Amino acid sequence: MNYAPNGAGGAKFQNQKEDYSNSVTIGVADGHIGLVLGRGGRNISEISQVSGARIKISDRGDFMSGTTDRKVTITGSQRAIRQAESMIMQKVANASERMMD
């Protein structure tokens with residue numbers, strides 16, 4: 001078993017050559033991008049670290065075709081992509097619930 005530099009071991013670190021050949025692009029409402037990024041990029045860094053995926057958000061004004069949703073491209077293994085996508089959607093859903101209260 002391989003260990004991360006901080007000494008923590010786990011399935012995430014068993015395959016050091018993470019597969020970055022898979023990529024998925026999802027749309028996130030422009031008004032919710034701040035929730036995904038977090039203050040100083042904290043949320044997106046956490047999602048990337050925990051999932052093992054690379055996440056890229058399109059520039060302001062660069063939307064999914066026919067929408068005002070920003071493009072969020074997630075690259076990594078299928079498992080990493082699924083986990084990152086789930087975490088992103090959770091951030092948006094939590095904020096939406098708080099707005100309803």
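The model is a predicted one.

Begin with the overall layout. The chain holds three helices and three strands. Read along the sequence, these elements follow the pattern β-α-α-β-β-α. Of the 101 residues, 30% count as buried. Among contacts with a separation of 6 or more, 59% join residues 24 or more positions apart.

Now look at the strands. Strand 1 and strand 3 pair in the antiparallel sense, and the pairing runs over eight bridges. Strand 2 also pairs with strand 3 in the antiparallel sense, over four bridges. Strand 3 therefore has both strand 1 and strand 2 as partners, where a pair needs at least two bridges. Val28 has Arg70 as its bridge partner in strand 3. Ile55 stands opposite Ile74, again in strand 3. In a regular strand, side chains alternate between the two faces of the sheet.

Next comes the nonpolar core. The largest one has 17 residues. Which of them touch the most other members? They are Val28, Val36, Ile55, Val72, Ile74 and Ile88. Several elements give two or more residues to this core: strand 1, helix 1, helix 2, strand 2, strand 3 and helix 3. Helix 3 provides the largest share, with six residues. Leaving out residues up to four places away in sequence, Val28 touches Ile33, Val36, Asp69, Arg70, Val72, Ile88 and Val92.

Turn to helix 2, which spans residues 42-51. Asn43, Ile44, Ile47 and Ser51 are its buried residues to look for. They lie on the same side of helix 2, because they cover an arc of only 95 degrees around the axis. The face turned away from this buried side carries the exposed residues Arg42 and Gln49. What covers the buried residues? The cover includes helix 1, strand 2 and helix 3. Just after helix 2 sits Gly52, with a positive phi of about 85 degrees.

Helix 3 runs over residues 78-100. Does its span agree with its length, or disagree? At 1.5 Å a residue, its 23 residues should span 33 Å. The C-alpha atoms at its ends are 33 Å apart, so the two values agree. The buried residues of helix 3 are Ala80, Ile81, Ala84, Met87, Ile88, Val92 and Ala95. These residues pack against strand 1, helix 1, helix 2, strand 2 and strand 3.

Charged side chains come next. Side chains of opposite charge can pair when their charged atoms come close. How many salt bridges does a search of the whole structure find? It finds two. One joins Asp30 and Arg70, whose closest N and O atoms are 2.8 Å apart. This pair links distant parts of the chain, 40 residues apart. Asp30 lies in the loop between strand 1 and helix 1, while Arg70 belongs to strand 3. Are the two partners buried or exposed? Asp30 counts as partly exposed, because its relative accessibility is 35%. Arg70 is buried, because its relative accessible area is 9% and the cut-off for buried is under 20%.

The other salt bridge joins the side chains of Asp62 and Lys71, at 3.1 Å from N to O. Asp62 is partly exposed, with a relative accessible area of 32%. Lys71 is partly exposed as well, at 29% relative accessibility.

Finally, visit two loops. Ser58 sits in the loop between strand 2 and strand 3. Its relative accessibility is 7%, so Ser58 counts as buried. Beyond residues up to four places away in sequence, Ser58 touches Arg70 and Lys71. Arg70 is the salt-bridge partner of Asp30, and Lys71 is the salt-bridge partner of Asp62.

His32 is found in the loop between strand 1 and helix 1. Not counting residues up to four places away in sequence, His32 touches Val92 and Ser96. Val92 is one of the buried residues of helix 3. His32 and Asp69 are 37 residues apart in sequence, yet their C-alpha atoms are 9.0 Å apart in space.

Note on methods. Residues numbered from 1 in each chain as written. Predicted model: local features only at pLDDT ≥ 70, side-chain atom pairs only at ≥ 80, totals over all residues. Heavy atoms only, no water. Salt bridge = Lys/Arg side-chain N within 4 Å of Asp/Glu carboxyl O. Buried < 20%, exposed > 50% of the residue type's maximum accessible area, 1.4 Å probe, protein only. Core = buried A, V, L, I, M, F, W, Y, C linked by side-chain atoms within 4.5 Å. Contact = heavy atoms within 4.5 Å. Arc of directions from axis to C-beta. Expected span 1.5 Å × (residues − 1).
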